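This briefing sets out selected features of one structure, grouped by topic. Please read it alongside the sequence and the coordinates.

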Amino acid sequence: MAAFLFKMGAPEQTRDERNVESKHGYVHEMFENIKDKPKNHSQGTLHKYQPNWKSLESRPLPGWYDDGKIGIFLHWGVYSVPSFVDVGNKGLGEWFWWYWKGRVTNGTTEGSNRARKNKESATKFMKENYPPDFAPHFQAEFFEPDKWAELFHASGARYIVLTSKHHEGFPLWPSKWSWNWNAMDNGPHRDLVGNKSYNFVKILHIGDLAASVRKKGIKFGLYHSLYEWFNPFYLQDKNNNFTTQIFLKEKLTPELTDLVMRYKPDLVWTDGDWEAPSTYWNCTHFLSWLYNESPVKDTVVTNDRWGLDIRCKHGGFLTCDDRWVPDKQEKRKWENCMTIDKESWGYRRNANIQDYYNMDELIQILVQTVSKGGNLLMNIGPTADGRIVPLFQERLTQLGQWLRVNGEAIYGTTPWTYEKDSSAEGVWYTSKQIQGQTVEWNGIIKLSALANFIDKNTKVTWIGYGEKIEWQSKDGLEIKIPRLYPHEMPCEWAWTFKIENLKS
């Protein structure tokens, strides 16, 4: 056993894509007629995973996800144009269109007051800057997917999740089910997910984000909002108390299927589920198709945002809520989706330096998350012209620097018997058959949680430091940190100690 202690235009269609349209009849049948009983494949064999939670949750989680630990979330879309919410109102940049055009209630709660303030500021901002619309200003002219992929690789992230479509309903690919309201028909006139770009002046190959990140050994995931604020089909279903499924038949089902068939994502990250029950979304039928017949059936990972009655209960890994970290170790795999900008997921041009997490804070969040068995999905917001601003670049690069030294205490680990040490502030553990972080240091680290695990064969190593360090077994483990010049430190922010040959 080893322990670790820290110190703080549409692309040319493939055969699969050409088959999407021919499968629409099947997809509609899948969402309407499949019952909780075996159904034959075209080859005559039976579906392994039936459209019910007991069957779907019997599918093992693909190992790459639990081992990877760290992902990068990308909130990018038409909302990146205004990239504005009033500082201090707890507004979300990616919700700008709702603040501008959505209906705000007349309640007196803190949330209602905040919503009114955000609507007032968004309306004023639009009148002064983008009358009558801002979607055409979403140009992505500096978007270079290979450079993005290089940055993600340098960060140490093992997967990314791109917002293919947020709640305003604007797809980043040439969706046939969103006519004149997608990245090919409006704004950049490019497929920002796929591999070719067409604009009115010239044809420009801008690379392929999916291919670019996969070339770097990074898994490619796609976020997709189930609901759409202003879609008339969705609003009709909503007015019918979700007893009809017009929106699913005409928009969501074929569009989400097209997304999977075109780009073969390693992760399908759904959201916008909270207004309707899972029976409306028909999620078990989609997941049954995804796990049994889709081109990613053996490797794809999904989350739990499939209906107001499902989140934090069923689905793939748990997310429960944004920035969610459980009080104790969960039996199921979970993910902490959080954003480096402490308020907004979409880019904000008017954010201040104190609005962003610093590296000490980010490392602490990472270690606490992994020690409890979770993955960390760390969000950044690219700009409307396709850049990742220097502050986000710096945070991701610094994360990669730290992981190059300490990564063996993160990747592929599992929670230990104790997630943290009660005798030492800021010490956290993981295991590879233990990991911890200390935020403060006085020259001695005392760890009582290890009292019953130390024996004569135990070995303590400071990861990244080539010399031996002093330690003793004294009511646990007591490590003496040598005094070093700054240039002798293994890394900044948090240190890792590897503790081998513990008693099981």
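In what follows, a residue is buried if its relative accessible area is under 20%, exposed if over 50%, and partly exposed in between (1.4 Å probe, protein chains only). Helices (H or I, at least four residues) and strands (E, at least two) are DSSP runs, numbered from the N terminus. The model is predicted: local features need pLDDT of at least 70, side-chain atom pairs count only at pLDDT 80 or more, and totals for chains, interfaces and linings use all residues. Residues are numbered from 1 along each chain as its sequence is written, and side-chain values use heavy atoms, with hydrogens and water left out.

**Helix α11**

- Helix α11 spans residues 283-292 and is mostly covered, with 10 of its 10 residues buried.
- The buried residues of α11 are C283, T284, H285, F286, L287, S288, W289, L290, Y291 and N292.
- C283 itself has a relative accessibility of 1%.

**Cysteines**

- Where a disulfide is taken as a pair of cysteine sulfur atoms within 2.5 Å, the count comes to 1 disulfide.
- The disulfide joins C312 to C320, with an S to S distance of 1.8 Å.
- The link of C312 and C320 is right-handed, with 75 degrees about the S-S bond.
- C312 is partly exposed at 35% relative accessible area, whereas C320 is buried at 11%.
- C337 is buried, with a relative accessible area of 0%.
- The closest cysteine sulfur to that of C337 belongs to C320 and lies 9.8 Å away, too far for a bond.

**The sheet**

- An open sheet is formed by 7 strands in the order β8-β7-β6-β3-β2-β10-β9, with parallel pairing.
- β8 (301-302) and β9 (334-339) stand at the edges with a single partner strand each, so one side of each has no neighbour in the sheet.
- Two strands count as paired if DSSP finds at least two bridges between them.
- β2 (residues 70-74) pairs with β3 (residues 159-165) in the parallel sense over 4 bridges, and G71 has Y159 of β3 as its bridge partner.
- β2 also runs parallel to β10, joined by 5 bridges; here L74 has I380 of β10 as its bridge partner.
- All of β2 is buried, 5 of 5 residues, so the strand is largely enclosed by the rest of the structure.
- Both faces of β2 are covered, with I70, I72 and L74 buried on one side and G71 and F73 buried on the other.

**Helices packed on the sheet**

- Contact means heavy atoms within 4.5 Å; axes are lines fitted to C-alpha atoms, for helices over the stretch in contact, and angles run from 0 to 180 degrees between N-to-C directions.
- Helix α9 (residues 246-263) lies across β3, β6 (219-225) and β7 (267-271), running at about 170 degrees to β6.
- Helix α12 (residues 359-371) packs on the sheet and touches β2, β9 and β10 (374-380), its direction making about 150 degrees with that of β10.

**Helices α6 and α13**

- The axes of α6 (residues 145-155) and α13 (residues 390-406) come within 6 Å and cross at roughly 40 degrees.
- Angles under 35 degrees count as roughly parallel, over 145 as roughly antiparallel, 65 to 115 as roughly perpendicular and the rest as oblique; α6 and α13 are therefore oblique to each other.
- From α6, L151, A154 and S155 meet Q393, L396, T397, L399, G400, L403 and R404 of α13.
- The residues of this α6 and α13 contact divide into 5 nonpolar, 4 polar and 1 charged, where Ala, Val, Leu, Ile, Met, Phe, Trp, Tyr, Cys and Pro count as nonpolar, Asp, Glu, Lys and Arg as charged, and the others, Gly among them, as polar.
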